[in-house]
Amino acid sequence: MSRDAFYITTAIDYVNAEPHMGHAYEKVGADAMARYQRLRGRRVRYTIGTDEHGQKVAESAAARGLSPQAHVDSIAGRFQEAWRQLEISNDDFIRTTEKRHHASVAELFRRVQLAGDLYLGDYVGWYCKSDETFWPEGKLVEGNCPTCNRPVQKITERNWFFKLSRYTEPLKRHFEVNPEFVLPVGRRQEMLNILEEGLEDLSISRSTFDWGIPFPGAPGHVVYVWFDALINYITSVGFPADEASFGTFWPADYHVIGKDIAKFHTIIWPAMLLAAGLPLPRHVFIHGFVMTPTGKMSKSVGNVIAPGEMAGKYGADALRYTLLREIAWGQDGVISEEILVNRYNRDLANDLGNLLHRIATIVEKHFGGVLPPVSEADAGPLEAELRAAARKAATDAAAGYDVFSFHQALEGAWGLVRAANQYVDRTEPWKWAAGKAGDGKKDALAPDAPTARRRLGTILTLGADALRQAATMLFPVIPGTCQRIRDALGAAGPVVWDSEGLLAGSLAGCRVVRGEPLFPRIEPQSKAEVAVPVKPAAAAKSASARAALAAPPAELAYDDFMKADLRVAKVLEASRVPNADKLLQLKLSLGDGQERQVVAGIAQSYAPEALVGLQVVLVANLKPAKIRGIESHGMILAATDGDGKHRVVTPDGPAPAGGRVK
Ligand code: ME8
């Protein structure tokens, strides 16, 4: 295999039911890896597909009153549609009913037969139709399938067998020589334990139904569905006819699969390849399971979350981001609509979307939408800090992606998103834009206009560049958003992992377009409205709680109302409260040199700079309180719009600061 090629596969999904979140999780994770490798310049081949033969699929077709072929055609289409909605960038979608696959299975069988590894024998034992797996009696758990816990059926069939037992020792050696063959390494021992017990030969034909690839030279037998399905990985890269492609991409770099099918991929498949004289995949990466807050996803419990529906409702990137940010790859984790909405609001809307909005607004207003030049002459400690954050983010993100640690890669990239927001907070571009000294220079004299403008230009273009580079680091996970950010910043050309030229000011001259918000905030109205099933009693309770909230408060006597001292105030300064998503610290003028400090919970609706200069209404005689250790004296009034955004109440025309509001 040439060194720049990279071949990654996922499991091919059974077409007995619709695509679910577990399928989506696997495809999104492998997609992030495929996109990352492309970004790093590798020639990537990413294969996904559908596993269309076997007893279970035949029975699903019969239940729908369809021929197996008509059934698999319709469900395979549903999977392809779901992956299109999730922006999966697969290079191939293989279906095991395709001709190319039949040819590949036939050739593999020829080789295995030539090796003397096939023989006819009698199988008497148990079969799990759901997992399409043979089980010896001793492995059953209370008479059920040890993997899925469903009932098994006793079968007695004259079948063809594969001499799997022959490969116990060669596989042990392979595990020893390649300690990273099975990843994460924690899973390796489980597979070694199976090898230590010794392998039994495997029945690889079925004769009691006919929905499968005809077993070569054995009329009335079809190939056992797993033996057929695993071969898809070599079919996809051209086995046996396209030697150039096969030579380039095989062996695969990674088979990405779930923990329930580890033995098939780390023991049976490698044994098949050894028998056929073909190289083994470099790594099998075993991911964990996606659960819901109410346990394993299952139709009967009613907690299945359809990935296409979620992507349609919140966007592909919100789902992709949540799946890979919430669950450490390799471990089990919980996903719900509520978790997605929280991630969406907190990370995507507040941090990422807001950063673009803040920069684009000022560039549009003060530079006609064109990013100004960066002046290296006045780059100081804040710029040095931002550049250091960019370098660290690139290193951390790459370190995460390299080992499938997507949550760490995202956390690494987010370091730069946060640093860029802080850079904007601390440099205070809105002050420079108003001709005042920003950068926290509270008592400095107003700079001359060209100096202020030059400083403002540096801040905006470096801030924009930091955002562009963070977007590049996030590209493997949220590709659509990354492209929208690049378009908004006028960044031309393909996305490249440019850890060399970090924050070199290369965006100067680009035309910024302040379009729709990247992630308009979503207000989750109540827990009852998310996909997690809510017991009727709980739903009723939350409905009555909402009704109580909506009921008007008791009547107020005029004199009581007049006790509230409402005053017009002008916002002099505004900044974010560190480590508090919702809070802004405001300095207000009440006229005659009187100033007030107020902490307001409106950070998710306003960028600090958007408030400076605004007239607001202050409840001036509210008892002072400490919020996050900051004194807050008074409260500003705000309404809430239909999307749950705050709208600060402001006089409908100039009114003197300190004037009473009645
Ligand atoms: O096993 N969370 O197909 P499949 C995460 N056709 N991953 C999950 C999951 C969950 N809740 N549920 C399932 C098959 N998966 C075979 C594969 S490969 C040659 C043949 C994963 O549709 C599961 O572990 O049952 C597997 O990797 C993939 O989804 C397809 O499962």
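Domain bounds here come from an automatic or database domain assignment. On that basis the protein divides into domain 1 (5-287), domain 2 (335-489) and domain 3 (538-648). The centres of domain 1 and domain 3, taken over C-alpha atoms, are 59 Å apart.

A word on the source. This is a predicted model, in which local features need pLDDT of at least 70 and side-chain atom pairs count only at pLDDT 80 or more, while totals for chains, interfaces and linings use all residues. Residues are numbered from 1 along each chain as its sequence is written, and side-chain values use heavy atoms, with hydrogens and water left out.

Now to a helix pair. Helices are DSSP runs of H or I with at least four residues, strands are runs of E with at least two, and both are numbered from the N terminus. Helix α13 (residues 337-367) and helix α17 (residues 449-474) have axes that come within 10 Å and cross at roughly 145°. Those axes are lines fitted to C-alpha atoms over the stretch in contact, and angles run from 0 to 180 degrees between N-to-C directions. The crossing is left-handed, meaning that the near helix is turned anticlockwise from the far one by less than a right angle.

What does each helix bring to the contact? From α13, the residues include L352, L355, I359 and F367; from α17, they include R453, L456, G463 and L474. Contact means heavy atoms within 4.5 Å. By class, the contact residues are 12 nonpolar, 3 polar and 1 charged. Nonpolar covers Ala, Val, Leu, Ile, Met, Phe, Trp, Tyr, Cys and Pro; charged covers Asp, Glu, Lys and Arg; the others, Gly among them, are polar.

Next, F475, in the loop between α17 and α18 (479-489). Is F475 buried or exposed? F475 is buried, at a relative accessible area of 15% (buried is under 20%, exposed over 50%, partly exposed in between, with a 1.4 Å probe and protein chains only). Leaving aside residues up to four places away in sequence, F475 touches R35, L39, C482 and V495.

Last, the sheets. One is open, with 4 strands in the order β6-β5-β7-β9 and antiparallel pairing. Two strands pair if DSSP finds at least two bridges between them. The edges are β6 (133-135) and β9 (202-203). Strand β7 (residues 153-162) is joined to β9 by 2 bridges, and F162 has L202 as its bridge partner.

Another open sheet has 3 strands, ordered β15-β14-β16, with mixed pairing. Strands β14 (residues 290-292) and β16 run parallel, with V290 opposite G333.
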